[in-house]
Amino acid sequence: MNSMRKAARRVALLQSLRIDAARIKRFVSDEQGVTAIEYGLIAALIAVVIIGAVTLVGTDLNAVFTTIGNDL
């Protein structure tokens, strides 16, 4: 009886490994996630550039308005 339980456990383990292997193959061959990640990275890079540009322009713009305010 004990050997039958062990055999049943081994069969269940092998079946789950086969299912996991199929999932891994599908995950590796799926390229939709890669595309989404690439778009996310591009969006993040654009955001960093925009933040940097606004920071630089904001500092220069503050200096311009300060000069105008002092001249008035």
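**View 1. Arginine 10 in helix H1 of the predicted model.** Arginine 10 is found in helix H1, which covers residues 2-29; helices (H or I, at least four residues) and strands (E, at least two) are DSSP runs, numbered from the N terminus. This is a predicted model, in which local features need pLDDT of at least 70, side-chain atom pairs count only at pLDDT 80 or more, and totals for chains, interfaces and linings use all residues. Residues are numbered from 1 along each chain as its sequence is written, and side-chain values use heavy atoms, with hydrogens and water left out. Arginine 10 is exposed, with a relative accessible area of 57%, where buried means under 20%, exposed over 50% and partly exposed in between (1.4 Å probe, protein chains only).

**View 2. A nonpolar surface patch that includes Leu61.** Leucine 61 lies in helix H2, residues 32-71, and is partly exposed at a relative accessible area of 42%. Together with Val57, Val64, Phe65, Ile68 and Leu72, Leu61 forms a nonpolar patch on the surface, with about 630 Å² of accessible area together. Accessible areas come from the Shrake-Rupley method with a 1.4 Å probe, and for residues only the protein chains shown count as cover.

View 3. The protein has two helices and zero strands, and its C-alpha trace spans about 100 × 25 × 10 Å along its principal axes. Buried residues make up 0% of the 72 residues.

Methods
Patches are made of residues with over 30% relative accessible area and no salt bridge: like charges are joined within 9 Å, nonpolar side chains (Val, Leu, Ile, Met, Phe, Trp, Tyr) within 5 Å. A salt bridge is a side-chain nitrogen of Lys or Arg within 4 Å of a carboxyl oxygen of Asp or Glu.
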